[in-house]
Amino acid sequence: MANIFQIRYIQNSQTKNQNRFTLRFLNLDQVLTRAKNHRIQSIRNIFAGAEKVLKRDNFDFAQTLELGLLSVNAPNITIEKQRIPRFNDSVGATTKFAEPEDMGVTFIDYVNGSPSAILKVWHSLVGDKTTGYMGFKEEYILEKAHLYKYGPDAPGYSDEEIATSYLEKHEIVNLHPLSVPIGEMSYENGEAIRIEAMFSIDNMYIVDYQGYIRDNAGNFRVG
């Protein structure tokens, strides 16, 4: 048995780092384009007012939002329990999954390809403050998003490798924005505006784990 107290067993081991991740909003374009021809005039107005800054270059809505990512506070999925009494003692028993916590996501806002504009249009489908309208879930819900964790070599991947060379893949089910703040503004602070949005989700679970292996040529690859 190896001596686990010796530092040599971890001195060349690669850590998972917080800044190597992305959150991919699948089929977000299908959700947002519902606002363009929505039956409620004020929602159409919101889309029309933001349309010129919603996309960056040749990226779609989902990729533009992904480019603005700064941080993700993934929710905890917990299991509730209760105590079952028996004479002078009790035992623990699991009961059900607790209601999922909300997910906090922070974006850096940009003039063109603005995450705040994208989120405001999406939020208008959930509820329109101008009229008091509340949307139907099937209209505003994004059925899936994927949270990925990557290794240090991710910036060098090709487009094809990005899709398969992750370390972890988590699936988020049925999400939509609950709050989209304007962001803090101050004459004393010239930093980029951060949009700290909160999302409601129905579920989140792990899909896949991968590690690095060395091929015959001595190169590392995810697999």
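Here's a short tour, stop by stop. Keep in mind as you click around that this is a predicted model.

**Stop one: the main core.** Select Phe25, Leu28, Phe107, Trp122, Leu175 and Phe199. They belong to the largest nonpolar core, which has 38 residues, and these six touch the most other members. Now colour residues 115-126: that's helix α4, and with seven residues it gives the most to this core.

**Stop two: Phe199 up close.** Which residues does phenylalanine 199 touch? Leaving out residues up to four places away in sequence, its contacts include Phe25, Phe107, Leu119, Trp122 and Leu175. Asp102, Met103 and Val105 are on the list as well, and so is the run His176, Pro177 and Leu178.

**Stop four: a lysine inside.** Go to strand β9, residues 168-179, and select lysine 169. Is its side chain paired up or on its own? Lysine 169 is buried yet has no salt bridge. The nearest side chain of opposite charge belongs to glutamate 171, 5.9 Å away. Show what lysine 169 touches beyond four places in sequence, and you'll get His146, Leu147 and Tyr148, plus Ile206, Val207 and Asp208.

**Last stop: the surface.** Jump to the segment before β1 (21-25), where you'll find isoleucine 4. Isoleucine 4 counts as exposed because its relative accessibility is 67%, with the cut-off being over 50%.

Terms used:
Residues are numbered from 1 along each chain as its sequence is written. This is a predicted model: local features need pLDDT of at least 70, side-chain atom pairs count only at pLDDT 80 or more; totals for chains, interfaces and linings use all residues. Side-chain values use heavy atoms; hydrogens and water are left out. A nonpolar core is a set of buried Ala, Val, Leu, Ile, Met, Phe, Trp, Tyr and Cys residues joined through side-chain atoms within 4.5 Å. Buried means under 20% relative accessible area, exposed over 50%, partly exposed in between (1.4 Å probe, protein chains only). Helices (H or I, at least four residues) and strands (E, at least two) are DSSP runs, numbered from the N terminus. Contact means heavy atoms within 4.5 Å. Lys and Arg count as positive and Asp and Glu as negative; His and the chain ends are not counted. A salt bridge is a side-chain nitrogen of Lys or Arg within 4 Å of a carboxyl oxygen of Asp or Glu.
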